[in-house]
Amino acid sequence: MTSVTIDPGSGFCFGVTTAINKAEEELARGNRLYCLGDIVHNSEEVSRLHSLGMETITHEDLNSLHNVRVLLRAHGEPPSTYSVAQDNEIEIIDATCPVVLQLQRRVKQCYREHGNAVQIVIYGKKGHAEVNGLVGQTDGNAIVIENVEGIEVLDFNRDIYLFSQTTKSIEGFNSMHEAISRRLAEGTRLTFYDTICRQVANRVARLREYASEHDLVLFVSGAKSSNGRVLYNECLDVNPNTHMVSNENDVDPRWFDGISSVGVCGATSTPRWLMERVKECAIQYSDR
């Protein structure tokens with residue numbers, strides 16, 4: 001009989017769980033609730049909350065709303081969002097992850113102390129909600145670099161302060177730090193802060209071990225999830241028989257031929273109930 005299990009360490013991180021709980025609490029009270037951007041990078045969970053009455057809006061929508069409740073998701077927002085909310089008498093339900101909030105404060109303090117006399121660099125994905133919130137702490141002056149090749153835009157004759165998006169890999173951050181250090185001019189200083197969330201980062205080793213223990217791995221993730229792509233590739237690296245699925249409808253019965261163990265896992269944006277549905281599908285295909 002084929003064994004099908006769910007990785008106990010997969011699923012929502014603390015910040016996402018808190019945001020979802022806050023949304024559910026507001027909706028349970030019968031309050032009309034808007035969320036600025038997808039509350040989580042998983043369309044299935046966004047649809048579930050929409051069915052309960054939550055409406056996802058854009059920053060452009062925010063400018064035209066007045067006297068409503070708006071939830072800020074775990075990714076965080078730049079100061080300009082709070083200014084718009086105040087001007088439009090919008091009640092903010094702030095679900096910014098504490099780890100992200102601490103990082104925002106560090107970046108803001110750095111910019112207050114040094115301004116444009118130094119280069120504030122964010123190692124992260126350009127356009128990502130969290131990164132936009134961080135850049136906003138510097139009036140848009142921070143430099144976002146996605147990979148080591150991107151450091152060419154830096155001036156190595158000027159001091160650099162390096163921060164990281166909370167969900168980036170520790171290895172990637174260390175490579176970035178080392179690459180910049182090698183290029184610095186004599187007398188130029190690099191100050192760096194490891195601001196990566198360990199709850200997310202520590203999943204990598206555990207997930208790689210879990211994936212290696214199964215004949216087939218079904219990685220459940222939304223297409224928009226950066227964390228999902230990173231963790232999926234980690235699974236694929238140790239188990240070539242890993243498939244990314246957004247829900248149970250993506251599962252192919254042909255994958256189960258000759259399989260004795262199936263592991264179901266997911267990103268920090270993947271709800272447990274969705275992994276359960278994929279597991280039930282896997283059990284059905286395994287029993288054929």
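Predicted model: local features only at pLDDT ≥ 70, side-chain atom pairs only at ≥ 80, totals over all residues.
1. Numbering starts from 1 along each chain as its sequence is written, and side-chain values use heavy atoms, with hydrogens and water left out.

2. Start with the open sheet: 4 strands in the order β1-β12-β10-β11, with parallel pairing. The edges belong to β1 (3-6) and β11, each with a single partner strand, so one side of each has no neighbour in the sheet. On average, neighbouring strands here are turned by 20° against each other, direction ignored. Helices and strands are DSSP runs numbered from the N terminus (helices H or I, at least four residues; strands E, at least two), and two strands pair if DSSP finds at least two bridges between them.

3. At the β1 end, 4 bridges tie β1 to β12 (residues 261-266) in parallel. Ile6 sits opposite Val264 in β12. Helix α9 (residues 203-212) packs on the sheet, touching β1, β10 and β12, and its direction makes about 155° with that of β12. α10 packs on the sheet too, touching β10, β11 and β12, at about 160° to the direction of β11. Contact means heavy atoms within 4.5 Å; axes are lines fitted to C-alpha atoms, for helices over the stretch in contact, and angles run from 0 to 180 degrees between N-to-C directions.

4. Together, β10, α10 and β11 make a right-handed β-α-β unit (with the strands pointing away from the viewer, the path from the first strand over the helix to the second runs clockwise).

5. Have a look at Asn239, in the loop between α10 (226-238) and β11 (242-245). Asn239 is buried, at 6% relative accessible area (buried is under 20%, exposed over 50%, partly exposed in between; 1.4 Å probe, protein chains only). Leaving out residues up to four places away in sequence, Asn239 touches Ala211, His214, Asp215, Leu216 and Val217.

6. Elsewhere, β4 (residues 69-72) runs parallel to β2 (residues 33-36), joined by 2 bridges, with Cys35 partnered by Leu71. β4 is also joined to β5 (residues 91-94) by 4 bridges, again parallel.
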